[in-house]
Amino acid sequence: MEHLAWQRTVEQHREAVLCMVPPPAVVRRALDEALGLVLAVGATAPADLPGTRASAMDGFAVRHADLVQGGTLPVTLDVPAGARPGEGPGPGSAARIMTGAPVPTGADTVVAVEYTDIPRGPVPLPHQVRIHRVPPLGDAIRAAGSDVAAGSVVVAAGSVLDATAISALAATGHAEVSVRPAPRVRVVSTGAELRSPGQPLAAGQLHDSNSFLMAALARSLGHQVDRVSLQHDDAEALTAELPRLLHGTDILVFSGGASAGAFEVVRQALGGRGIGFGHVAMQPGKPQGLGVLDGVPVFCLPGNPVACAVSFLAFVRPWLDAAAGRGGQQHRVQLGQELGGKPGRTRFVGAVLREGRGVPAAARQSHQVTRLAGLDGFLVVPAERESVAAGEELGWLPLP
Ligand SMILES: Nc1nc2c(c(=O)[nH]1)N[C@H]1C(S)=C(S)[C@@H](COP(=O)(O)OP(=O)(O)OC[C@H]3O[C@@H](n4cnc5c(N)ncnc54)[C@H](O)[C@@H]3O)O[C@H]1N2
Ligand code: MOO
């Protein structure tokens, strides 16, 4: 009889998965290497940004009290962007100023060049400027610190660094940041029947899609991935390969060879080495193996491609999210049409999102790998439910 190390619900198995998350580590990374990582230590602005009062327009810095519509002012100063903040213009005069340049002390208003008789563009410094329109006091001047004040938090600890967070860090002078390192992931498909895409197939063989699926899922989540395809069912050979497979990775994910057949290579090689093989009350994805080998968490997912995809999203992804320091988000979605089914196991039903509602796909068998293409995710029907009515909310595992 088949020996099972455990029989678990989906929730119990996920708890076992989360027990294998290592304590959080912190590394320094250059900004160019930080996209998608989680900030471990909040970043603050070391100085005001803008660092001085700055002009918001190309124009003329003046004292508002000196402005008269149609009047002229002598131009006594030129302030390009990058100029040091300084004195002037004196009373009754104007300073030419460019966008972003520091507003000289004394000036309290900037008149945009469009409101004067000076043409736009690269003209020599004029001797005087005629004011066509008088703007309100303080116009076109940005206060120092009006973006962020010195000492304020720019990006909070725990944030996932996206393009906007990275630009905020760059703007406040952070060349490096303290982040949670992204776990290194190794995915391994197994099976004597497998051939790589591009290789011809003999009768009974099929192309390995699971290693590509798992690698692409992990890469979509921002992880570095090493993809391995072991095209044999030789438990001794796999045992000999284990040190190499465990080396230089933070997580090892197998597909295939996890159930009750006579040639279950993963189960045979790992079953006696601290990896437990059991059943999770789910459909698809029932046979699963899980444990830690030489300090590396090892996931053994079933070989059927849809079961492999669901298992990755339901168990591997929560581990990756937690290990990377991201909070595991629980998603829910409204069901788009009535869904029948047999209670007893949590069902994962491939679906597309239409107008925000999850509409179950027609094809739902575990071998139908090409039917995964185009899905938005999987609806999660609780084990105790039989049919679920349209409009009810269900759990949702989005495909990244
Ligand atoms: N007697 C029983 N048989 C099966 C059980 C069971 O409980 N008792 N469970 C079934 C379920 S559920 C699943 S899922 C599969 C899981 O099987 P394995 O994990 O042992 O996977 P394999 O036998 O190696 O492969 C199953 C299926 O998937 C295809 N496959 C495998 N790897 C890949 C790959 N990399 N790319 C594409 N396709 C792959 C493989 O050719 C098989 O068709 O077991 C059921 N049987
Ligand atoms: O449940 Mo298996 O996981 O039939 O495909």
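Leaving aside its neighbours within four places in sequence, which residues is Ala361 in contact with? I shall answer that first, and I note at the outset that the model before us is predicted.

Ala361 is in contact with Gly350, Ala351 and Leu375, once neighbours within four places in sequence are set aside. With one of these, Gly350, the separation in sequence is eleven residues, while the C-alpha atoms of the pair are 5.7 Å apart in space. As to its position, Ala361 belongs to the loop that runs between β27 (357-360) and β28 (377-381). Is Ala361 buried or exposed? Its relative accessible area is 17%, and because buried means under 20%, Ala361 counts as buried.

I turn now to the largest pocket. Rolling a probe the size of a water molecule over the atoms shows where empty space is left. The volume of the largest pocket is about 750 Å³. It is lined by 34 residues, of which Arg14, Gln329, Gln330, Trp396 and Leu397 are the closest to its centre. Two or more lining residues come from each of the elements α1 (10-18), α6 (305-323), β25 (331-335) and β29 (393-398).

Finally, the annotation. An unreviewed UniProt entry assigns residues 186-322 the label "domain: MoaB/Mog". In the model, this span is 34% helix and 30% strand, and its end C-alpha atoms lie 17 Å apart.

Notes. Residues are numbered from 1 along each chain as its sequence is written. Chains are lettered from A and ligands numbered from 1 in the order in which they are written. This is a predicted model: local features need pLDDT of at least 70, side-chain atom pairs count only at pLDDT 80 or more; totals for chains, interfaces and linings use all residues. Side-chain values use heavy atoms; hydrogens and water are left out. On a 1 Å grid over the protein atoms alone, a cavity is a set of points where a 1.4 Å probe fits but cannot get out, and a pocket is an open set with protein on both sides within 12 Å along at least five of seven lines; lining residues have an atom within 4 Å of a point. Grid points are joined across faces, edges and corners, and a volume is the space filled by probe spheres set on the points. Helices (H or I, at least four residues) and strands (E, at least two) are DSSP runs, numbered from the N terminus. Buried means under 20% relative accessible area, exposed over 50%, partly exposed in between (1.4 Å probe, protein chains only). Contact means heavy atoms within 4.5 Å. UniProt positions are given in the numbering used here, feature names are shortened, and annotations may be inferred rather than shown by experiment.
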